[in-house]
Amino acid sequence: MENLALKKTVSASSYILPYSPDRAVDGIIDRPIDRWLCSKLPGNLEIDLGNVYYISQWIVYHMGAISGWDKQKGAYDMSDYSLMVKQKDTDQWREVDSVSGNLDSKTDRIISDVPARYVQLVVSKGL
């Protein structure tokens, strides 16, 4: 499966340095530094995919998925979050999937094909 978010334009409601939004789409998943971390909840990460694509799967690697982060397993992982999409900048965001009470270190979800140019991860609760 192709990573549609790879190196795309990204922004966030907030972040803590050095965990800037661009690190969430840099394609590196095995280092703790290559993550986005919001400074307050709720928080969101928005990605412009550049074109409309049909999305059928979304994956999020949490901090607990990283080797060497074991001493703080679960620290900074997301518990409650949702995936929002829209096709045009002027459209309203639409929720297409949500997760509650997550304890996994990786989210890998299959959804019905949904057209989207813009995707947004909205985090409402962390561990």
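Student: What counts as a pocket here, and which residues line one?
Tutor: A pocket is an open set of points on a 1 Å grid over the protein atoms alone, where a 1.4 Å probe fits, with protein on both sides within 12 Å along at least five of seven lines; lining residues have an atom within 4 Å of a point. This is a predicted model: local features need pLDDT of at least 70 and side-chain atom pairs 80 or more, while totals for chains, interfaces and linings use all residues. Numbering starts from 1 along each chain, and side-chain values use heavy atoms, without hydrogens or water.

Student: How many residues line the largest pocket, and which lie nearest its centre?
Tutor: The lining has 46 residues, with A24, I59, V60, Y61 and L121 nearest the centre.

Student: Which strand gives the largest share of that lining?
Tutor: Strand 2, with 11 residues. Strand 3 and strand 5 also supply at least two each. Strands are DSSP E runs of at least two residues, numbered from the N terminus.

Student: How many helices and strands does the chain have?
Tutor: It has 0 helices and 5 strands.

Student: Switching to the largest nonpolar core, which residues have the most contacts inside it?
Tutor: I47, L49, I55, W58, Y81, V119 and L121, out of 23 core residues. Such a core joins buried (under 20% relative accessible area, 1.4 Å probe) nonpolar residues through side-chain atoms within 4.5 Å.

Student: Which elements give two or more residues to the core?
Tutor: Strand 2 (43–61), strand 3 (78–86) and strand 5 (106–126).

Student: And what does Y81 touch?
Tutor: Leaving out residues up to four places away in sequence, its partners include W58, H62, N102, T107 and L121. Touching means heavy atoms within 4.5 Å.

Student: What percentage of the chain is buried?
Tutor: Buried residues are 39% of the 127.

How values were computed:
Buried means under 20% relative accessible area, exposed over 50%, partly exposed in between (1.4 Å probe, protein chains only). Helices (H or I, at least four residues) and strands (E, at least two) are DSSP runs, numbered from the N terminus.
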